[in-house]
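Here are my notes on this structure. Please keep the model open while you read them.

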Amino acid sequence: MIASASSIDRIHLIGVVFSVLILLTVFLMVRARVMKEKYGLVWFFIGGFILVMSLERELMDTFAGLIGVEYAPSAFFAMLIACAYLLLLNMSVSISHLKSQNKALAQELGLTRLRVEELEQRISRLER
Amino acid sequence: MRKGRILIVIPAFNEQQNIMQVIRDAQDSIPNGDVLVINDCSVDNTSLRARQAGDVRVVDLPCNLGIGGAVQTGFKYAREQGYHCMVQVDGDGQHIPAEIDKLMQTMEQSDCDMVIGSRFLDVDSFRTSWARRMGIKVFYYLFRMLIGMRVTDSTSGFRLYNRRSIELLARYYPDDYPEPDAIIMLKKHGLRICEVGVAMRAREHGASSITPIKSPYYMAKVMLSIFFSYTRTRW
């Protein structure tokens, strides 16, 4: 099973490179305040998870065996997809939250504009 | 506290051709009411036309919030300014302000917290599309099942609210297609709802936002949000 072993090695190497890239990018983004720490944390978790799985080959094999997948890289991809789902879920929640905040702000702004307008009219009447 | 006890909220999105007439009709029908137009970020001259009608307050929303967000702005205003009642009259001219009186009488007689103007009760109104009638039928049975109430026109936005419902809906009001959902919410909070037959007009200009293609999407979305409102115990 030399071919399969080498393919596992390769995918593990890709996993390591990929996760280090993720961790580094996220680190730089959070540092530059492009990304909030809150979201950075989720990414760090996922990046770290991939890194550990890629470094510890046995862990990967055990995990694959646990979920009944014979071909370990498939289990790895399945996990990646699961992580992506989690992230998307996280994003949907954040977007919903932002949307309701945005709505409240827009309403408040509209109402405040009306108040300013009315106050301006009253002031100009008083000045006349 | 403003001069009138009743606030007439007119949500409008690109209704430059209808808005002036709707405002004038509203002012004629309820002389002691205040008119508040919520311009939901129209791209035409809705705001200008509304202001030209005179003695009207116009809220220009900075971005398009949809009917739910626009009407909720009205609830918030009514709550802040201490109005006892609020009536919603759509900016497209379908609702006839002269019928507000019927809503008010019904509220006084029945002691309800919200009165819905129904186009299917007693009065002969124009016929809506079969798709909409079918949708309303589905809601009718759904409401009978869920809250044990017979609502003949759950999608009607022509409604009168008292202080209790204003305070509740200022806090939370559904975003898109909020009318059926709001019924469940009010019921869940122990508020009383009733219906009265009113006449309605077919719209004169422009087209309805719910096209036949969008109908199934509308139904699915509303039913989902009704379901969530029903399962929700608090917010």
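1. First, a term. A residue counts as buried when its relative accessible area is under 20%; over 50% is exposed, and partly exposed lies in between. Note also that this is a predicted model.

2. Start with strand S6 of chain B, residues 159–162. B:Arg159 and B:Tyr161 point one way. B:Leu160 and B:Asn162 point the other way. In a regular strand, side chains alternate between the two faces of the sheet. Are these four residues buried or exposed? All are buried.

3. Next, the neighbours of S6(B). Strand S4 of chain B, residues 85–88, is joined to S6(B) by 4 bridges, and the two run antiparallel. S5(B) is joined to S6(B) by 3 bridges, again antiparallel. Look at B:Arg159 in particular. B:Gln88 has B:Arg159 as its bridge partner. B:Ile116 stands opposite B:Arg159 as well.

4. Two loop residues in chain B deserve a check of their backbone angles. Most residues other than glycine have a negative phi. B:Asn14 is not a glycine, yet its phi is positive, about 50°. B:Asn14 sits in the loop between strand S1 (6–12) and helix H1 (19–29) of chain B. Its relative accessibility is 29%, so B:Asn14 counts as partly exposed.

5. The other is B:Asp111. Its phi is also positive, about 65°, and it is not a glycine either. Where does B:Asp111 lie? The loop between helix H4 (100–110) and strand S5 (114–118) of chain B holds it. B:Asp111 counts as exposed because its relative accessibility is 57%.

6. A:Leu24, A:Phe27, A:Leu28 and A:Phe44 make a nonpolar patch of about 360 Å². Which helix gives the most to this patch? Helix H1 of chain A, residues 2–31, does, with 3 residues. A:Phe27 is found in that helix. A:Phe27 has a relative accessible area of 43%, so it is partly exposed.

7. Last, the interface. In chain A, 14 residues are in contact with 19 residues of chain B. The area buried between the two chains is about 1,400 Å², and carbon and sulfur atoms give 52% of it. On the chain A side, A:Lys103, A:Gln107 and A:Leu111 lose the most area to chain B. Together they make up 39% of what that side buries.

8. Charges meet at this interface too. How many salt bridges are there between chain A and chain B? The count is 4. One salt bridge joins the side chains of B:Arg57 and A:Glu118, at 3.0 Å from N to O.

Notes:
Residues are numbered from 1 along each chain as its sequence is written. Chains are lettered from A and ligands numbered from 1 in the order in which they are written. This is a predicted model: local features need pLDDT of at least 70, side-chain atom pairs count only at pLDDT 80 or more; totals for chains, interfaces and linings use all residues. Side-chain values use heavy atoms; hydrogens and water are left out. Patches are made of residues with over 30% relative accessible area and no salt bridge: like charges are joined within 9 Å, nonpolar side chains (Val, Leu, Ile, Met, Phe, Trp, Tyr) within 5 Å. Accessible areas come from the Shrake-Rupley method with a 1.4 Å probe; for residues, only the protein chains shown count as cover. Buried means under 20% relative accessible area, exposed over 50%, partly exposed in between (1.4 Å probe, protein chains only). Two strands pair if DSSP finds at least two bridges between them. Contact means heavy atoms within 4.5 Å. Buried area is the accessible area (1.4 Å probe) that two parts lose on being put together, summed over both.
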